[in-house]
Amino acid sequence: MRARSSPITTVFDKTTKKKCVHVPDYYQQVWIPFFFLIVLEQVILTAKNKKKSFRLNDQVTSFSHWIFQESGRVFFRGAEYYAYIKIYENYHRWNLSWNSIWTWYITALGVDFCYYWVHRSNHEVHFLWAHHQVHHSSEEFNLAVGLRQSVLQHWCNFIFYLPLAFFIPPSHFIVHHQFNLIYQLWIHTTIIDDLGPLELIFNTPKHHRVHHGCNLYCLDKNYGGVLIIWDRLFGTFMEEKDEIIYGLVTSPQSFNPLYLQTFYAKAMINKSKGMKSSANKLSVLWKGPSWYPGGPRLGLDKYKINVTSRIKYNLYNNEKQDIHNFLGITILNNMFALVAIGLLFDKSQYAGLVELIRCISNKQKTILATLQSRCLCLNKGKSREIVSG
């Protein structure tokens, strides 16, 4: 008889389901608590006199990517799980009992092992990196960055999990696939330092900070999801050393989520077009992002950019005023939108007029914001010229 007092067996009893339709959407259940953690993180950072760590523009951009991904998940995730279920129903070779705790353990390890190779391939295969780079595009490292994901990335990743369908029941896989990704939300933070012996086995904020660094020593390291042992076994582990600079090696300098989702793919295609031979054109897609003809698959470190310092992209210096403006514009825009919708339902002749006013107002605010940004950029440029002169 199982010991009911064990935390593992308690979790096992609550999360083990025979049929896929009975598996809850754990993502949906964690969002509200996670948003409270995001607020708590900023309160702690502010209390530690790290006020500059909060940037509204960067946080909103991360949330925008999350909305993009969640919108896509409605369509993508169902198709992915359907493929897994069909493979299991028609081709599975081993019958692991759905109500055995050993099946629970094997699934947890199997999903995390596959995630390591999913994550590693996303960094070492250029066309996969073109999607995954979205997650690394922030120059900050906080809990909100965990939400910053590519819309199309899961389509590319899911094939790595399909071998599990030969022996792991779909209900177990769906549970642990969610748990694996949910675990990784909390490791995007700077407020948690060393966790002692846990650092030897588990992926922690300390290890994941290295992964998000664009310093040369941080590149292509610490791919683990829940466990860091895979990195230790396969030679991709790196300890936290020098001060870490976050973001992509070359900063895209934009808060436009659509641009951040697509700009790298465009650059990759242009790089491929620039190659002379068909073999090199294809190599650009499947070899590493730093590859060039004549070099190894992942490129040579001596040709990679070693980022040692960076001025963060930020066109607004008054964060408090920025927050007030953002909230004011959002509330006003939403009020106009709701009024316009109500008038449409009433078939009012003024519905079009209200919507036109809302659109013109938003356009004017966009133009003013663009002009303000350009003025700030010019002022910064002049300041640099004065300093250099």
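Modeller: Happy to! A residue is called buried when its relative accessible area is under 20%, and exposed when that area is over 50%. Please keep in mind that this is a predicted model.

Colleague: Is Q184 buried or exposed?
Modeller: Q184 sits in the loop between α7 and α8. Buried means under 20% relative accessible area. Q184 has 7% relative accessibility, so this residue counts as buried.

Colleague: With which side chain does the side chain of Q184 make a polar contact?
Modeller: Leaving aside residues up to four places away in sequence, Q184 touches Y115 and G225. The side-chain polar contact, at 2.9 Å, is with Y115.

Colleague: Where does α10 bend?
Modeller: Helix α10 runs over residues 257-273 and reaches 25 Å from its first C-alpha to its last, close to the 24 Å expected. Among its buried residues are L260, F263 and Y264. The bend of about 30 degrees is at F263.

Colleague: And which residue caps the N-terminal end of α10?
Modeller: Look at the backbone nitrogen of L258. A side-chain oxygen lies 3.0 Å from that nitrogen, and the residue supplying this oxygen is N256.

How values were computed: Residues numbered from 1 in each chain as written. Predicted model: local features only at pLDDT ≥ 70, side-chain atom pairs only at ≥ 80, totals over all residues. Heavy atoms only, no water. Helix = DSSP H or I, 4+ residues; strand = E, 2+ residues; numbered from the N terminus. Buried < 20%, exposed > 50% of the residue type's maximum accessible area, 1.4 Å probe, protein only. Polar contact = N/O pair within 3.5 Å; in protein donor to acceptor, adjacent residues only side chain to side chain. Contact = heavy atoms within 4.5 Å. Expected span 1.5 Å × (residues − 1). Bend = angle between axes of the 7 residues up to and from the residue.
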